[in-house]
Amino acid sequence: MSEVYQDNWINLEEAAAYMGVTKDTVRNWIKKTDIPAHKVGKLWKFKRSELDEWIKSGKSAI
């Protein structure tokens with residue numbers, strides 16, 4: 001799989017599965033932290049590379 005393909009936008013459910021947490025946890029992070037989430041219409045979208053950087057920065061440890 002190419003790096004470009006892996007960095008496509010994923011939805012909230014996919015982001016939760018990617019990080020090994022529940023959808024509710026991701027929703028709480030959206031409200032309470034600076035998780036890199038992007039609102040597209042009514043949907044939240046994420047890029048894996050941005051999530052990886054956010055996790056590496058330690059900001060996910062709230």
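Analyst: Helix axes here are lines fitted to C-alpha atoms over the stretch in contact, and angles run from 0 to 180 degrees between N-to-C directions. The model we are looking at is predicted. Happy to take your questions!

User: In which order do the elements of the chain run from the N terminus on?
Analyst: Let's start with the inventory: the chain has four helices and three strands. Of its 62 residues, 26% are buried. Read from the N terminus, the order of the elements is α-β-α-α-β-β-α.

User: Which strands stand at the edges of the sheet?
Analyst: The sheet is open, its three strands pair antiparallel, and their order is β1-β3-β2. A strand with a single partner has one side left without a neighbour in the sheet, so the edge positions belong to β1 (9-11) and β2.

User: What does the twist average from one strand to the next?
Analyst: The strands concerned form the open sheet β1-β3-β2. From each strand to the next, the twist averages 45°.

User: Which residues of α4 make the contact with α2?
Analyst: The crossing of these two helices, α2 and α4, is right-handed. On the α2 side, the contact is made by Ala15, Tyr18 and Met19. On the α4 side, the residues are Arg48, Leu51, Asp52 and Ile55.

User: How far apart in space are tyrosine 18 and arginine 48, C-alpha to C-alpha?
Analyst: Tyrosine 18 sits in helix α2, and is partly exposed, with a relative accessible area of 37%. Leaving aside neighbours within four places in sequence, its contacts are Arg48, Leu51 and Asp52. Tyrosine 18 and arginine 48 are 30 residues apart in sequence, while in space their C-alpha distance is 8.1 Å.

User: At roughly what angle do the axes of α2 and α3 cross?
Analyst: On the α2 side, the contact is made by Leu12, Glu13, Ala16 and Met19, and α3 contributes Lys23, Val26, Arg27, Trp29 and Ile30. The two axes come within 8 Å, and the angle at which they cross is roughly 105°.

User: Is threonine 33 buried or exposed?
Analyst: Threonine 33 is in the loop between α3 (23-32) and β2. A polar atom of its side chain lies 2.6 Å from the backbone oxygen of tryptophan 29, and one lies 3.2 Å from the backbone nitrogen of isoleucine 35. The cut-off for burial is under 20% relative accessible area. Threonine 33 has 17%, so it is buried.

How values were computed: Residues are numbered from 1 along each chain as its sequence is written. This is a predicted model: local features need pLDDT of at least 70, side-chain atom pairs count only at pLDDT 80 or more; totals for chains, interfaces and linings use all residues. Side-chain values use heavy atoms; hydrogens and water are left out. Buried means under 20% relative accessible area, exposed over 50%, partly exposed in between (1.4 Å probe, protein chains only). A polar contact is a pair of N or O atoms within 3.5 Å; within protein, one must be able to donate a hydrogen and the other to accept it, and residues adjacent in sequence count only if both atoms are side-chain atoms. Two strands pair if DSSP finds at least two bridges between them. A crossing is left-handed if the near helix is turned anticlockwise from the far one by less than a right angle, and right-handed if clockwise. Contact means heavy atoms within 4.5 Å.
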